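Work through the exercises below with the sequence and the 3D structure at hand. Try each task before reading its solution.

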Protein chains: 2
Amino acid sequence: MRSFQVARRRALLQSFVAPGASQNSAMSQLWKRCFSATPIAASRLAGLDPSKLTVTKTSTPKELTAAKDLVFGKTFTDHMLSIEWTAADGWHTPQIVPYQNLSLDPSACVLHYAFECFEGMKAYKDNKGQIRLFRPNKNMARLNKSSSRIALPTFDGEALTKLIGEFVKLDSRFIPDARGYSLYLRPTMIGTQKTLGVGPPGSALLFVIASPVGPYYPTGFKAISLEATDYAVRAWPGGVGDKKLGANYAPCVLPQLEAASRGFQQNLWLFGEEEYITEVGTMNLFVAMKNKETGQKELVTAPLDGTILEGVTRDSVLALARERLVPKGWAVAERKVRMTELAEAAQEGRLIEVFGAGTAAIVSPVRKISYKGELVDCGLKETEEAGQIALQMKNWIEGIQYGDEEHPWSYVL
Amino acid sequence: MRSFQVARRRALLQSFVAPGASQNSAMSQLWKRCFSATPIAASRLAGLDPSKLTVTKTSTPKELTAAKDLVFGKTFTDHMLSIEWTAADGWHTPQIVPYQNLSLDPSACVLHYAFECFEGMKAYKDNKGQIRLFRPNKNMARLNKSSSRIALPTFDGEALTKLIGEFVKLDSRFIPDARGYSLYLRPTMIGTQKTLGVGPPGSALLFVIASPVGPYYPTGFKAISLEATDYAVRAWPGGVGDKKLGANYAPCVLPQLEAASRGFQQNLWLFGEEEYITEVGTMNLFVAMKNKETGQKELVTAPLDGTILEGVTRDSVLALARERLVPKGWAVAERKVRMTELAEAAQEGRLIEVFGAGTAAIVSPVRKISYKGELVDCGLKETEEAGQIALQMKNWIEGIQYGDEEHPWSYVL
């Protein structure tokens with residue numbers, strides 16, 4: 001079977017050079033390295049088939065947690081979606097079953113070699129009681145990119161979206177009926193092969209669990225402060241930092257705790273001798289500042305050079321900025337920003353605001369960044385908890401998510 | 001509990017600059033970055049206590065697999081060692097129980113964020129029927145380094161060695177009684193906390209499983225050929241490539257398959273614009289060559305700069321080379337070697353031999369390396385499957401492992 005797999009997977013491999021911004025540095029060539037796998041275009045194995053879905057309902061429905069007591073990712077709905085895959089047969093019958101423990105052989109490759117990847121997405125109830133997803137196609141595409149990079153199987157994204165829809169509808173009573181609340185969905189794929197040999201998993205499990213969540217800032221925005229991390233590195237060119245792999249998360253906890261021990265809510269990952277700003281905790285980062293030469297307002301975020309997670313919120317902020325801020329005179333750029341450039345802008349009064357962007361909070365305004373013993377002020381007034389752009393983005397995106405604005409990004413179940 | 005953990009773990013954090021060889025490159029500063037956590041010196045929580053061990057024997061002992069049919073990591077013994085940990089109580093009662101599936105909540109953090117690390121070690125039967133481990137203290141120290149880097153708990157290494165000893169003695173009938181055979185031991189630690197929040201796990205499981213294995217080269221050495229990988233990068237200064245984390249393994253499979261698709265048994269990881277030789281597949285790499293200026297024979301391997309796994313076999317080869325080859329006129333060095341330096345040595349007839357070093361094979365001789373479309377000949381004669389140094393190292397190390405030579409590295413149970 002091993003040789004069969006090698007042949008099969010050979011077809012899906014492709015390396016390419018990312019079109020990242022060029023840098024006048026000795027590391028320029030290295031920066032551009034980016035290695036991905038392309039999902040299988042076609043396969044003779046069974047694909048994911050929503051029409052075969054079987055549903056086993058729980059006999060012990062859970063009590064709902066009061067909306068005010070919800071903690072992110074702590075309580076789950078009655079059911080889960082579960083689909084096995086084997087190298088010999090492809091995708092098996094999709095099943096919705098009662099939420100339950102997984103039974104894994106202690107040699108399962110997910111437990112030893114981190115054959116695991118996931119997505120984070122949400123289901124929202126609109127004011128007509130309809131359930132909506134937000135750009136699920138982006139999550140499906142990214143999960144396929146993640147899984148293929150670690151030799152796990154790919155799948156038909158539309159089929160999985162349909163299956164997730166059925167699951168969400170079945171457990172829709174768990175979606176709190178209030179603005180800011182949603183059902184967090186966690187599609188996860190793990191390798192289940194029972195052997196300690198390091199190789200492409202011959203079996204896998206794709207499952208989706210769901211956790212009702214409240215607003216990230218229940219009492220309105222609360223700006224966070226960051227500690228710039230230069231002693232540890234989250235991602236690098238040619239690595240896997242742009243994929244949503246489990247492998248990218250556990251190593252981030254210690255630097256996060258380091259920052260927390262000094263009173264900072266998140267850490268900011270700097271990269272390289274140039275100390276480029278990359279990501280904040282588990283969010284992408286946006287900087288709004290005035291151009292040093294022209295004075296033009298710019299909204300800037302790091303480019304997708306292989307070291308940056310391709311955030312769905314990041315992409316949405318960029319698209320909305322290009323559509324709605326550029327006509328107002330803003331420039332929007334995906335380019336590398338040095339920490340010193342940000343600090344200089346702050347010093348010269350050109351820094352307008354800084355915010356993180358991610359599925360959990362949509363946007364997360366930043367007040368200060370600790371950098372080499374100095375505190376860089378990110379432009380908020382003392383009485384302010386969010387800047388205008390962050391606020392605007394949150395309202396635009398939330399408006400689409402909850403269906404106030406009809407928009408192709410909102411997917412009604 | 002979160003704040004308690006933060007405070008507790010704060011004490012164990014320490015960053016340092018590795019004393020790696022200095023390089024005249026723009027990346028020199030970056031190279032030197034190395035971030036580790038120091039295991040807890042003392043804790044008020046319960047430690048690992050071998051005297052509390054409970055044993056539940058299986059009621060259905062397995063049939064032994066014929067020695068010739070053994071496949072690495074595919075069949076396991078009757079039992080497993082299992083110890084739970086919680087942030088509130090520390091280490092719970094160590095248990096030997098029948099080999100069995102783990103029951104994990106689908107939100108368990110090991111499945112999403114790769115909170116997992118492991119060791120590979122072996123138990124050998126000597127010609128008196130005694131069971132021996134090889135340098136278990138090295139594995140214990142490394143597992144503690146790995147676990148603390150991802151905010152998993154640390155433990156008393158001597159206590160775990162004792163517990164592993166009890167487990168191995170109970171399942172000793174699985175250790176084939178022949179040279180080259182052994183019982184592969186897989187200590188593994190996983191985070192089991194049931195929440196999707198990314199943070200230090202509040203609960204963990206340390207388990208050890210055991211798989212009888214045959215000799216890596218059952219019919220004598222078989223030299224392998226490598227493909228140099230420059231499009232993907234395994235490890236980075238300031239990353240976690242020097243720890244034995246699951247996170248380091250899944251991303252390596254595709255480059256491995258890429259190499260295999262072109263007929264190479266393993267891939268060789270090059271790093272940076274300088275294309276430094278780092279590791280081969282999941283082994284460390286040794287190069288024996290004559291010095292360009294002096295003609296002196298040198299045995300060289302990459303230094304521990306934070307990008308290299310601190311292999312126990314690597315350390316053993318270095319120590320034996322310093323003790324037994326240096327008196328014969330060899331130089332031994334841990335230094336960076338460029339791929340071009342190796343290719344040049346090959347061209348000039350100065351390359352003596354190249355071999356990988358790891359627990360599975362002890363040494364793995366290399367015949368050729370594919371590099372930028374050329375095949376670099378690594379010095380073996382066509383009729384040879386191993387060079388003198390590889391052969392010598394294998395015999396020395398195996399002699400110690402099986403107790404032919406009395407040596408402090410061999411630990412009799």
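The C-alpha centres of domain 1 of chain A and domain 2 of chain A lie 28 Å apart. This is a predicted model, in which local features need pLDDT of at least 70, side-chain atom pairs count only at pLDDT 80 or more, and totals for chains, interfaces and linings use all residues. Residues are numbered from 1 along each chain as its sequence is written, chains are lettered from A and ligands numbered from 1 in the order in which they are written, and side-chain values use heavy atoms, without hydrogens and water.

**Exercise 1. The two domains of chain A**

Task: Describe where domain 1 of chain A touches domain 2 of chain A.

Solution: 

Step 1. Find the bounds. Domain 1 covers 50-213 and domain 2 covers 224-412 of chain A; such bounds come from an automatic or database domain assignment.

Step 2. Count the residues in contact (heavy atoms within 4.5 Å). Domain 1 of chain A gives 31 residues and domain 2 of chain A gives 27 residues.

Step 3. Find the buried area, which is the accessible area (1.4 Å probe) that two parts lose on being put together, summed over both. For these two domains of chain A the value is about 2800 Å², with 55% of it on carbon and sulfur atoms. In domain 1 of chain A, the residues that lose the most area to domain 2 of chain A are A:Arg132, A:Phe134 and A:Arg179, together 25% of what that side buries.

Step 4. Look for salt bridges (a side-chain nitrogen of Lys or Arg within 4 Å of a carboxyl oxygen of Asp or Glu). The rule finds 6 salt bridges across the interface of domain 1 of chain A and domain 2 of chain A. A:Lys138 forms a salt bridge with A:Asp315, and their closest N and O atoms are 3.7 Å apart.

Step 5. Name the elements; helices (H or I, at least four residues) and strands (E, at least two) are DSSP runs, numbered from the N terminus. On the side of domain 1 of chain A that touches domain 2 of chain A, two or more residues each come from β8 (116-118), β9 (121-125), β10 (131-134) and α4 (136-149) of chain A. Of the elements on that side, α4(A) gives the most, with 7 residues.

**Exercise 2. Chain A against chain B**

Solution: 

Step 1. Take the extent of the interface. In chain A, 77 residues are in contact with 77 residues of chain B. The area buried between chain A and chain B is about 6600 Å², and carbon and sulfur atoms give 66% of this.

Step 2. Find the largest contributor. Helix α6 (residues 253-261) of chain A supplies the largest share of the side of chain A that touches chain B, 7 residues.

**Exercise 3. One residue**

Task: Is A:Ser107 buried or exposed?

Solution: 

Step 1. Locate the residue. A:Ser107 lies in the loop between β7 (102-104) and α3 (109-113) of chain A.

Step 2. Apply the cut-offs: buried is under 20% relative accessible area, exposed over 50%, partly exposed in between (1.4 Å probe, protein chains only). A:Ser107 counts as buried because its relative accessibility is 0%.

Step 3. List the surroundings. Leaving aside neighbours within four places in sequence, A:Ser107 is in contact with residues including A:His112, A:Gln193, B:Phe76 and B:Tyr99.
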